[in-house]
Amino acid sequence: MSKPVILTGVRANNDIHIGNYFGAILPIVDMAKRRSADFDINLFIPDLHSFTTPIDHSKLYDSIRSNARIYTAAGLPLDNQAIHLYRQSRIPAHSELAWILDCFTGFGEMSRMTQFKDKSRKFIDSKMSEDELTNEQKAWDTIHTNVSVGLFNYPVLMAADILLYSASYVPVGDDQTQHLEFTRDIAERMNRKFGDLFVVPKPVAQQHQFFGNDQGLRIKDLVNPTKKMSKSDDSGKGVIFLGDEPQAAHKKIMSATTDSLGKVQYDRENQPGISNLLEILTLVRQDAGKDVSLEQTISQYTGMERYGDFKRIVADEVAEFLANFQARLAAVDEQAIEDKLESSERDMNLVANETLHRVQTAVGLRR
Ligand code: TYM
């Protein structure tokens with residue numbers, strides 16, 4: 001019997017920020033270390049997902065490399081045979097299965113995906129002229145020529161990423177929950193139609209239970225703390241990238257939005273900025289090897305009245321975290337990463353092709 005699979009990925013465009021790092025990369029690296037005796041751990045770089053929205057293609061190759069280096073600097077043990085680190089684009093079965101699944105996916109189903117709606121809305125708000133916004137036909141023309149089909153149906157590719165490897169557990173932030181639900185739906189639909197083709201990932205609630213606090217964590221934007229920290233934020237002021245100069249990150253924290261209540265309290269609803277800083281502070285302390293919980297950080301600072309002083313504490317520790325992380329990053333062994341990618345890609349092509357052939361047979365492409 002093969003071991004159950006835990007699988008996750010972080011897209012390779014732009015820089016990775018602390019939301020991705022603490023929300024996805026670090027939990028999966030920690031888990032990979034803790035659980036690799038009982039699970040296969042698939043940690044992949046979804047590089048085909050990188051250009052669902054426009055990017056600078058001349059930087060893509062480097063950011064793919066940089067993703068692998070970040071996993072390594074975060075402590076991923078490259079010599080562990082149960083851990084697989086690979087690039088999606090090096091395993092053609094991802095695109096092939098995505099196409100087949102596309103043909104069993106409803107247009108309406110994809111239209112309801114909030115990530116698609118949010119991202120295309122962002123495009124509309126930022127790029128469309130007054131004239132286009134008031135003229136419905138023009139608005140549609142602009143959307144149709146600028147919002148890609150890739151953005152529209154990338155949840156299908158994501159389902160293929162998961163189903164090819166029969167993953168049971170998929171640790172992702174809650175912005176990806178709907179895509180996970182879709183993956184379960186399409187797997188069940190295909191299984192009903194063609195017999196047992198896919199392992200259906202565990203229900204999201206069960207995944208939350210399994211991963212405990214690791215999943216569903218949402219670091220917020222520093223400028224607008226009611227929305228999540230996101231790499232597509234245009235100004236970059238609300239986002240701390242792992243590659244930021246420590247002093248620049250210090251400044252971003254010092255100018256983070258707070259509130260007018262004037263007292264540090266953990267209250268996500270009424271004091272989202274301060275609450276976010278309390279969470280970030282806990283995470284950078286944990287990364288420094290300190291055994292602290294969010295509750296302990298909260299009780300240490302609750303009631304503090306000078307936001308400037310509180311922010312300085314957070315800013316100092318975030319700057320220290322970045323300096324340490326960047327030193328670890330500079331020290332990674334490039335050759336070891338290259339070897340790991342190549343051997344994982346060899347092994348994962350075999351696993352993925354086995355699933356793909358089963359599906360191709362079921363739909364009548366093979367005997
Ligand atoms: P992506 O690259 O946008 O984000 C990668 C992971 O980081 C999480 N995340 C956050 N977590 C906490 N706080 C934040 N502010 C924050 N921002 C992002 C995301 O939830 C995600 O878990 N479609 C996926 C990549 C993907 C994938 C997959 C993941 C493609 N195929 C298969 C798992 C399985 C995405 O765009 O994530």
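Me: What makes the area between domain 1 and domain 2 count as buried, and how much is it?

Reply: Buried area is the accessible area (1.4 Å probe) that two parts lose on being put together, summed over both. For domain 1 and domain 2 that comes to about 830 Å², with 77% of it on carbon and sulfur atoms. On the domain 1 side, Ile18, Phe22 and Ala73 lose the most area, together 55% of what that side buries. Bear in mind that this is a predicted model, where local features need pLDDT of at least 70, side-chain atom pairs count only at pLDDT 80 or more, and totals for chains, interfaces and linings use all residues. Residues are numbered from 1 along each chain as its sequence is written, and side-chain values use heavy atoms, with hydrogens and water left out.

Me: Which residues make up domain 1 and domain 2?

Reply: Domain 1 is 5–117 + 150–217 + 334–363, and domain 2 is 246–330; the bounds come from an automatic or database domain assignment.

Me: How do you know how many residues of domain 1 and domain 2 are in contact?

Reply: Contact means heavy atoms within 4.5 Å. By that test, nine residues of domain 1 are in contact with nine residues of domain 2.

Me: Why is the pair of Tyr21 and Phe321 called tilted?

Reply: Rings of Phe, Tyr and Trp (its six-membered ring) pair if their centres lie within 6.5 Å; planes under 30 degrees apart count as stacked, over 60 as edge-to-face and the rest as tilted. The centres for Tyr21 and Phe321 are 5.7 Å apart and the planes sit at 45°, so tilted it is. This pair links distant parts of the chain, 300 residues apart: Tyr21 is in helix H1 and Phe321 in helix H14 (residues 307–330). Helices here are DSSP runs (H or I, at least four residues), numbered from the N terminus.

How values were computed
Helices (H or I, at least four residues) and strands (E, at least two) are DSSP runs, numbered from the N terminus.
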